[in-house]
Amino acid sequence: MMLAALLGNCLVAAMASSSLHAQGADLFSELSERGLEFTDQQRIALPLPTLQSAMTDRERTEALEKLAGKLKWDRFSRDAVTAPVVVDIDTIDDASGERLGLNVHSAFVAYTTLETLRDQDLMEETFGPAPIDSTTLDSEKRKAAASDAMRVVMRELSATELTQLGFAEQAALTRSNVSFAYIELPLLNKVLVRGVIRIEKRQPAGAVEFAWRLDPSFNADEKYASRWTRLERDEVGKMVEGGSFPYTACGGWMGVYEIDREEKQLLVESQLLLREPTEWFAGSNFLRSKLPLMLQENARSFRRKIPR
């Protein structure tokens, strides 16, 4: 499964959940102000979305023109499947210059309305097939799924289950604007990231936004702790799991914003922070080199399939 799954598929099931309400969310502030902890001495914060509800019309226009940059707004906002996609990828380094991870920003324009986009369709059509609910897979189906390109596995954790697992505080949060889900995220069929994600949703005027992150509060539970695992081929070519290691610092946000309601013009924007251990790809640029094309293809797929 492509890295784009981290930007979309991990939210598909949770977006349809009744436990997500359109209220203010602390996770948005956490990501943009405190940031994610990459090391004991270093936290990385995510930039805010391009469009903010308090902006004037002039400020919105200037922000969108800045987002389009050298592409220029008229070209960037073309009503075409092949219209450009803004992709900005910055490396995150420690004080010594050693790379810790990636900050991935993506944005594109599409033509439809917020009203015609069901939440699940939005994420599913943009970022690929829906996740597999792990409760529906028996062991043989799991083996079959792992034999080729792996898919995201997701299972929402209900308040009852969270309480039974000893996470009463998290269970109480599900009565407001928070949802939790156990997830397995294959990354380029080389690495499997697993753990519990916390997801929060808000709906300012003319927009819908989601924030998410791997939740370290579950790390005391061996089954639900955030970890990464090597994916390898066995002697007959089937995908198998190798060594498993603790993992931190993965989260982001995604938003869809009305630009021009009359023209049915929307901005789809996302931001991702991803810790990339050296052991994943031997410190190479393999992951970074794959991202622009994948994100561009995701945008084209979305444009082909969205209702007009």
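1. Among contacts in the protein between residues at least 6 apart in sequence, 65% connect residues at least 24 apart; contact means heavy atoms within 4.5 Å. The model is predicted: local features need pLDDT of at least 70, side-chain atom pairs count only at pLDDT 80 or more, and totals for chains, interfaces and linings use all residues. Residues are numbered from 1 along each chain as its sequence is written, and side-chain values use heavy atoms, with hydrogens and water left out.

2. The protein has 11 helices and 13 strands, where helices (H or I, at least four residues) and strands (E, at least two) are DSSP runs numbered from the N terminus. Of its 308 residues, 51% count as buried; buried means under 20% relative accessible area, exposed over 50%, and partly exposed in between (1.4 Å probe, protein chains only). The accessible surface is about 14,500 Å², and carbon and sulfur atoms account for 47% of it.

3. Helix H4 covers residues 57-68. Its 12 residues should span 16 Å at 1.5 Å a residue, and the end C-alpha atoms lie 17 Å apart, which agrees; the expected span is 1.5 Å times one less than the number of residues. After H4 comes Gly69, which has a positive phi, near 55 degrees.

4. Which residues of H4 are buried? They are Arg60, Ala63, Leu64, Leu67 and Ala68. Seen down the axis of H4, these buried residues fall within an arc of 135 degrees, so they line one face of the helix; the arc is that of the directions from the helix axis to the C-beta atoms. Exposed residues Arg58 and Lys66 are on the face turned away from the buried side.

5. The partners of the buried residues of H4 are helix H5 (73-76) and the strands S3 (86-93), S4 (99-111), S12 and S13 (265-275). Strand S12 comprises residues 250-260 and includes Gly251. This glycine, Gly251, counts as buried because its relative accessibility is 0%. Beyond residues up to four places away in sequence, Gly251 touches Leu36, Leu46, Trp212, Arg213, Gln271, Leu272 and Leu273. The C-alpha atoms of Gly251 and Leu273 are 5.5 Å apart, although 22 residues separate the two in sequence.

6. Glu276 sits in the loop between S13 and helix H10 (278-281). Is Glu276 buried or exposed? Glu276 counts as buried, because its relative accessibility is 6%. Apart from neighbours within four places in sequence, Glu276 is in contact with Arg99, Leu100, Gly101, Leu102, Phe281, Ser284 and Leu287.

Definitions and conventions. Accessible areas come from the Shrake-Rupley method with a 1.4 Å probe; for residues, only the protein chains shown count as cover.
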